[in-house]
Amino acid sequence: MKNSNLPMKRGLSGRPTYWVAVLLALACLHSARAEESWQVWLDQSASKDLTEKSTVRAAQSFRYDCDEGRLATYYLEAGYARHLQSWLDGGFGYRQQYDKRDGHWIEENRPFVELTPRWKTRLATLSDRNRLEYRIRDGQEDIWRYRNKLTLQWNAWAALGLKPYVAAEAFVDESAKLKERNRTRFTIGLRTDPDRFLLRRVRSRWTEALAMDYYVTVQRTKKDDRWADECIAGLQLGVHF
């Protein structure tokens, strides 16, 4: 169904902080001077261990279109993950997403399953997330989509709470007959543990649960046999209980 007003949902954290406003302002200022399309993604997540091998997680994301000067996408997601082997994780979840098109919010629901093999050494970790999701789309045909995300993380600075990484993700919709990719993302990012780095002088149980992820992504989407590029500046705040 179409709705001109996005449903109001309670966030996972409190007021926006100074650096969030700076990130949004700088990205939008750059988009006004460049030909590329720019977005700012502000993500929040919370997770909790059920056992030593299983975890539940909730997440939400606000995605701002700097060219349009408005919120373009909002989603809320919940999932379950289990450590199956020393090198393998599995899980499932559900996402409810709203995209703004022609002044209306379009709803999409996505149940998904995923399997992630992982190889870790002292210096680096390589993970290969495979996700299959069923896209229940408002006003369009429901389709399957496969997503494959390969991430290489540098571990040499983990003792300082710094984990730089690069990632590449490919999307294949059922409508493409599983013959070619119709979206790709290439990301450079930095994960931090504030309890070891940014907030090392703060004595609080919350600092032990916090983690940050700063990233820049180039997204390419194929439509009508043409590729369109988008540049994304992203920030994720994670809390683990």
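These legends accompany close-up views of a predicted model.

**View 1. Strands S6, S7 and S8 follow one another through two hairpins.** Strand S6 (residues 104–120) and strand S7 (residues 124–137) run antiparallel and are joined by nine bridges. The hairpin between S6 and S7 passes through three residues, and Arg 118 faces Ser 127 of S7 across the pair. On to the next partner: S7 is antiparallel to strand S8 (residues 143–154), with twelve bridges between them. Here Glu 133 stands opposite Arg 145 in S8. Five residues separate S7 from S8 in their hairpin, and Gly 139 in the turn has a positive phi of about 80°.

**View 2. Arg 57 and Glu 77 form a salt bridge.** Their side chains meet at 3.7 Å, N to O. Arg 57 belongs to strand S3 (residues 54–65) and Glu 77 to strand S4 (residues 70–85), so this contact ties together parts that lie 20 residues apart in sequence. Are the two partners buried or exposed? Arg 57 is partly exposed at 36% relative accessibility, while Glu 77 is buried, at 8% relative accessible area.

**View 3. Asp 89 pairs with Arg 118.** The closest N and O atoms of this salt bridge are 2.8 Å apart. Asp 89 sits in strand S5 and Arg 118 in strand S6, a link between distant parts of the chain, 29 residues apart. Arg 118 has a relative accessible area of 32% and is partly exposed.

**View 4. Asp 173 and Arg 135 meet in a salt bridge.** The N to O distance is 3.3 Å. Because Asp 173 lies in strand S9 (residues 162–173) and Arg 135 in strand S7, the pair ties together parts 38 residues apart in sequence. Asp 173 is buried at 9% relative accessibility, and Arg 135 is buried with a relative accessible area of 9%. Both belong to one network of salt bridges with shared partners, whose members also include Glu 133, Arg 145 and Glu 169. Across the whole structure, a search finds 17 salt bridges.

**View 5. The second largest pocket holds about 1,300 Å³ of space.** Among the 41 residues that line the second largest pocket, the closest to its centre are Arg 101, Arg 135, Arg 183, Thr 221 and Lys 223. Which strand gives the most to the lining? Strand S5 (residues 88–101) does, with five residues. What is the make-up of this lining? The residues divide into 26 charged, nine polar and six nonpolar.

Technical notes. Residues are numbered from 1 along each chain as its sequence is written. This is a predicted model: local features need pLDDT of at least 70, side-chain atom pairs count only at pLDDT 80 or more; totals for chains, interfaces and linings use all residues. Side-chain values use heavy atoms; hydrogens and water are left out. On a 1 Å grid over the protein atoms alone, a cavity is a set of points where a 1.4 Å probe fits but cannot get out, and a pocket is an open set with protein on both sides within 12 Å along at least five of seven lines; lining residues have an atom within 4 Å of a point. Grid points are joined across faces, edges and corners, and a volume is the space filled by probe spheres set on the points. Helices (H or I, at least four residues) and strands (E, at least two) are DSSP runs, numbered from the N terminus. Ala, Val, Leu, Ile, Met, Phe, Trp, Tyr, Cys and Pro count as nonpolar, Asp, Glu, Lys and Arg as charged, and the others, Gly among them, as polar. Two strands pair if DSSP finds at least two bridges between them. A salt bridge is a side-chain nitrogen of Lys or Arg within 4 Å of a carboxyl oxygen of Asp or Glu. Buried means under 20% relative accessible area, exposed over 50%, partly exposed in between (1.4 Å probe, protein chains only).
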